[in-house]
Amino acid sequence: MTFAVILLGVFGLSSSFSSATQMGLSDKVLVFPYETDFSFVALIPQKEMGLRAFTLCMRVATELPEERQIILFAYRTADFDELNVWREKDGRVSFYMSGDGCFFHLPPLTTFRSSLCLTWESRTGLAAFWVEGKRSTYQVYKPGHIIRPKGSVILGQDPDKHLGGLEAVQSFVGEVTDVNMWDYVLSRSMIQAWHYGHKVPKGNVFDWATLEYEVNGNVLVVDDD
């Protein structure tokens, strides 16, 4: 069974939006030009996402106003939002793992690109966002939790079947690039090195340079000039 079929089965999306799998986004940017309820990019992980820890990094820019909720990253299994990252309507940035979220006051996302990382580990529950290589205050969130595998990851939309599928008012509008994910917590020095564009270990869940992905709807893949 192909990833596209799994994605359509989990989220109930029309097959008319699905595209062929492509590979590698080195020196590329994903541009989501306007609100839709059908445009997204599906990411295919290099390994099963049964995670006890992770580091998720991306570079993101948007001109959407702060009072507009934005989905930044969505990983969902058939019954749960396993890992969703949001900018909330009050401007805070949050993430949710199968239930209530964890909220942070961070510098606002703007039209100028921000480097954003999120770290979490199950053993202690320690969670933090990193903006431009600087760490937020730690919060303790769901110690002992395990993120379940066999789901689907998309950028640009929140695939919540309880909301009837995809909603334009929650969609991402802007640019995303350099999405990488590791199944462990990177050190401060490694996150800072990634922020400055220095060489770091390749993401073993997602590596932007070798990423398998599917573009659906109106999303542009352009050179990172």
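Reader: Hi! What lies over the face of F80, and at what distance from the ring centre?

Author: That is R148, at 4.0 Å from the centre of the F80 ring. Keep in mind that this is a predicted model.

Reader: Noted, thanks. Which ring does the charged end of R135 sit over?

Author: The ring of Y138. The charged end of R135 is 3.9 Å from the centre of that ring.

Reader: Staying with rings, how many aromatic pairs does a search of the whole structure find?

Author: It finds six. One of them joins Y96 and F103: their ring centres are 5.8 Å apart and the planes meet at 85°, so this pair is edge-to-face.

Reader: OK, next one. How do the rings of F104 and F129 pair?

Author: Edge-to-face again, because their planes are at 80°, with the centres 5.0 Å apart. F104 belongs to strand β8 and F129 to strand β10 (residues 126–131), so the pair ties together parts that are 25 residues apart in sequence.

Reader: Why do those two count as buried or exposed, whichever it is?

Author: Buried, in both cases, because the cut-off is under 20% relative accessible area. F104 has 3% relative accessibility, and F129 has 1%.

Reader: Over how many bridges do β3 and β13 pair?

Author: Three, in the antiparallel sense, between residues 40–44 of β3 and residues 152–155 of β13. Within β13, L155 is the bridge partner of V41.

Reader: What is D207 in contact with, leaving aside its neighbours within four places in sequence?

Author: Q46, V179, N180 and K202. The C-alpha atoms of D207 and V179 are separated by 7.1 Å, though these residues are 28 residues apart along the chain.

Reader: And which side chain does the side chain of D207 make a polar contact with?

Author: That of T210, at 2.8 Å.

Reader: You mentioned α2. Which of its residues are buried?

Author: I191, A193, W194 and H195. The elements covering them include β4 (53–61), β9 (114–121), β10 and β14 (174–182). After α2 comes G197, whose phi is positive, near 80°.

Reader: Last topic: R59. Where is R59 found, and is R59 buried or exposed?

Author: R59 is found in strand β4 and is buried, with a relative accessible area of 12%.

Reader: What does a polar atom of the R59 side chain lie 3.1 Å from?

Author: The backbone oxygen of H195.

Conventions:
Residues are numbered from 1 along each chain as its sequence is written. This is a predicted model: local features need pLDDT of at least 70, side-chain atom pairs count only at pLDDT 80 or more; totals for chains, interfaces and linings use all residues. Side-chain values use heavy atoms; hydrogens and water are left out. Two strands pair if DSSP finds at least two bridges between them. Helices (H or I, at least four residues) and strands (E, at least two) are DSSP runs, numbered from the N terminus. Rings of Phe, Tyr and Trp (its six-membered ring) pair if their centres lie within 6.5 Å; planes under 30 degrees apart count as stacked, over 60 as edge-to-face and the rest as tilted. Buried means under 20% relative accessible area, exposed over 50%, partly exposed in between (1.4 Å probe, protein chains only). A charge sits over a ring if NZ of Lys or CZ of Arg is within 6 Å of the ring centre and within 35 degrees of the ring normal. Contact means heavy atoms within 4.5 Å. A polar contact is a pair of N or O atoms within 3.5 Å; within protein, one must be able to donate a hydrogen and the other to accept it, and residues adjacent in sequence count only if both atoms are side-chain atoms.
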